[in-house]
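Work through these exercises with the model open beside you. Try each task before you read its solution.

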Amino acid sequence: MPVSHMILIALAGVGAGAINAVVGSGTLITFPTLLALGYPPVTATMSNAVGLVAGGVSGTWGYRRELGGQWDRMRWQIPASLIGAGIGSWLLLHLPESVFEKVVPVLLVLALGLVVVGPRIQEWARRRAEQSGQSPEHVSGRRMAALVFGTFLIGIYGGYFTAAQGIMLIAVMSALLPEDMQRMNAAKNLLSLLVNIVAAVAYTVVAFDRISWAAAGLIAAGSLIGGWLGSASSADHRPCSRLQRN
């Protein structure tokens, strides 16, 4: 691999890790970078998913305190994400590569659209959380069912194509939960990480030879740094009061 390609992939990994930690659309940096460098779409998707696990770990760790008090809800969302990711990974591995090549432009347009409206979704979520007098710990059964189902569908999407799954999670949670934006972001980081882990394990076990391990390693190194930088940069906007919420 040319040194210039190595540098581009590593820098894309840094950017993706940072963006995933605070927004959730980092794949829109790494995936097009791999395509531009000549990697086949499915190989690019698999290598990207494997590499971004490291960034998910550092980003989730950076938001670990915001996860406090969310486990009554997360114990339902986590299995939904894991099962959905398994289904999405199975689809990528078993459907013809031509299907992915036809679907990926649509998914990229969807992801780009979410990036455009993402700030509006986050601002709406912030205002809604501020105006709501409800406790985040009290969610009706109907809303919980909708939340878990939405998390499951996003898990399928994430297992098949990772781009913008974080923004999708924020959109679903902000529509259904009277929750603080930064706490939702922490939950998003953990759920996205779990989806990427399931996808990475599935791809490694079933399609080891279709992954570019050099590219995946460079993305992993870059995203690990980027995830830490992204979570650290948002620390000033995360008030201490929310850390103590039970």
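This is a predicted model: local features need pLDDT of at least 70, side-chain atom pairs count only at pLDDT 80 or more; totals for chains, interfaces and linings use all residues.

Residues are numbered from 1 along each chain as its sequence is written, and side-chain values use heavy atoms, with hydrogens and water left out.

**Exercise 1. The overall fold**

Task: State how many helices and strands there are in the chain.

Solution. Step 1: count the elements. Helices (H or I, at least four residues) and strands (E, at least two) are DSSP runs, numbered from the N terminus. The chain has nine helices and zero strands. Step 2: read along the sequence. The pattern is α-α-α-α-α-α-α-α-α. Step 3: check burial. Buried means under 20% relative accessible area, exposed over 50%, and partly exposed in between (1.4 Å probe, protein chains only). Of the 246 residues in the chain, 50% are buried. Step 4: check the range of contacts, where contact means heavy atoms within 4.5 Å. Take the contacts between residues at least 6 apart in sequence: 84% of them join residues at least 24 apart.

**Exercise 2. A helix pair**

Task: Describe how H4 passes H8.

Solution. The axes of H4 (residues 71–94) and H8 (residues 181–206) come within 9 Å and cross at roughly 30 degrees. Step 2: assign the hand. The crossing is right-handed. That label applies if the near helix is turned clockwise from the far one by less than a right angle, and left-handed if anticlockwise. Step 3: list the contact residues. H4 supplies residues including Trp71, Met74, Gln77, Ile78 and Leu82, while those from H8 include Ala187, Leu190, Leu191, Leu194 and Val195. Step 4: sort the contact residues by class. There are 17 nonpolar, four polar and no charged. Here Ala, Val, Leu, Ile, Met, Phe, Trp, Tyr, Cys and Pro count as nonpolar, Asp, Glu, Lys and Arg as charged, and the others, Gly among them, as polar.

**Exercise 3. The cavity**

Task: Find which helices each supply at least two residues of the lining of the largest cavity.

Solution. Step 1: search the structure. One cavity of 30 Å³ or more is found. On a 1 Å grid over the protein atoms alone, a cavity is a set of points where a 1.4 Å probe fits but cannot get out; lining residues have an atom within 4 Å of a point. Step 2: size the largest cavity. About 180 Å³ of space lies in it, a volume being the space filled by probe spheres set on grid points joined across faces, edges and corners. Step 3: examine the lining. Of its 22 residues, Asn20, Gly56, Ser192, Leu193 and Asn196 lie nearest the centre. The lining divides into five nonpolar, 16 polar and one charged. Step 4: name the helices. They are H1 (3–22), H3 (41–62), H7 (165–176) and H8.

**Exercise 4. A glycine in H7**

Task: Find what Gly166 is in contact with, leaving aside its neighbours within four places in sequence.

Solution. Gly166 counts as buried because its relative accessibility is 1%. Step 2: list the partners of Gly166. They are Val23, Gly24, Lys188 and Ser192.

Note on methods: Axes are lines fitted to C-alpha atoms, for helices over the stretch in contact, and angles run from 0 to 180 degrees between N-to-C directions. On a 1 Å grid over the protein atoms alone, a cavity is a set of points where a 1.4 Å probe fits but cannot get out, and a pocket is an open set with protein on both sides within 12 Å along at least five of seven lines; lining residues have an atom within 4 Å of a point.
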